[in-house]
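Good morning, colleagues. Please look at the sequence and the structure on the screen, and I shall then take you through several of their features.

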Amino acid sequence: MTWAVVPAAGSGSRFGGDMPKQYLTVAGRTLLAHTLQALLAHPNVEGAVVVLADGDLHWSGWSSFEGKPLLTCIGGQARADSVLAGLAALPDSVRMDDFVLVHDAARPNLQLADLDQLLERGRNDPVGAILASPVRDTLKRAGDDGGIDRTEPRERLWRALTPQLFRRLQLTRALEGARDAGVNVTDESMAMERQGLRPLLVEGAEDNFKITTPADLARFEFILSQRS
Ligand code: C5P
């Protein structure tokens, strides 16, 4: 059985508006509730730690979801600080060499089959694994003036998604190492890579997207309406 850490302590400033994006409602549920549902629906996911912003007024106060335990803790300035807080708040039953999932609160469209693949293949990798999707567009490197300097080859380039699956202690050490070196890691894998480790890429659905703009929210609404 595997626990999950769900960082939900971001302000969502790129989204605009007063409400942190994880609390926007779609089809009668907050994005955070959709995300927790997607994660905890998997029979091998045992429970989750939700990392909240200090002074969060919107948290529902749940202590369980789908009949599984939910714990909370307070996050930090950067996403990596919030994940570190979540790792520390895991129950003692999660051993230091156990695998732990980390999944963005704002990524509600996770498919059960993708989570299943990640757990299955990641647990059999010495380091762990992440869900990812191959880059399909042609990539341009911009110059300072907004003109194109060059085209970057897209072969072997992937977009890193979540969940990401790593061992509790190894991920903690990697995130602490990045923090102490002043490196802003934007996902867990980047912290592991800094340690010379090579996590496995597990291809997942492209529409496991992070809600960043109002257009993403409309897209998720549309996906849900098609499903029902
Ligand atoms: O800001 P971004 O969209 O990259 O955030 C990804 C996830 O990390 C979101 O679920 C957000 O709530 C969370 N986060 C956090 N603590 C921060 C910044 C972001 O838990 N300081």
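Where in the chain is the place of Ala 27? Ala 27 lies in a loop, with strand E2 (25–26) on one side and strand E3 (29–30) on the other. I draw your attention to this residue for its backbone: phi of Ala 27 is near 50 degrees, a positive value in a residue other than glycine. Please keep in mind throughout that this is a predicted model.

The peptide bond that joins Thr 162 and Pro 163 is cis, with omega at about 5 degrees. Pro 163 has its place in strand E11, which covers residues 158–167.

Let me now turn to the chain as a whole. The protein chain contains six helices and 12 strands. Its C-alpha trace spans about 50 × 40 × 35 Å along the principal axes. Why may we speak of agreement with a compact globule? For 228 residues, such a globule would have a radius of gyration near 17 Å, and the protein chain has 17 Å, so the two agree.

I come next to the ligand. The ligand sits in the largest pocket. Around the ligand there are 15 residues, and the closest are Pro 7, Ala 9, Gly 76, Gln 77 and Ser 82.

Ala 9, already named among the closest residues, places a backbone N or O atom 2.8 Å from an oxygen atom of the ligand. For Gly 10, a backbone N or O atom lies 2.9 Å from an oxygen atom of the ligand. Lys 210 takes part through its side chain, where an N or O atom is 2.9 Å from an oxygen atom of the ligand. How much of the ligand's accessible area does the protein cover? On its own the ligand has 460 Å² of accessible area, and the protein covers 86% of it.

With that, I conclude the presentation and thank you for your attention.

How values were computed. Residues numbered from 1 in each chain as written. Predicted model: local features only at pLDDT ≥ 70, side-chain atom pairs only at ≥ 80, totals over all residues. Heavy atoms only, no water. Near = heavy atom within 4 Å. Polar contact = N/O pair within 3.5 Å; in protein donor to acceptor, adjacent residues only side chain to side chain. Areas by Shrake-Rupley, 256 points an atom, 1.4 Å probe, with all protein chains shown as cover. 1 Å grid on protein atoms, 1.4 Å probe; cavity = no way out; pocket = protein on both sides within 12 Å on 5 of 7 lines; lining within 4 Å. Sits in = over half its atoms within 2 Å of the grid points. Helix = DSSP H or I, 4+ residues; strand = E, 2+ residues; numbered from the N terminus. Rg over C-alpha atoms; globule rule 2.2 N^0.38 Å.
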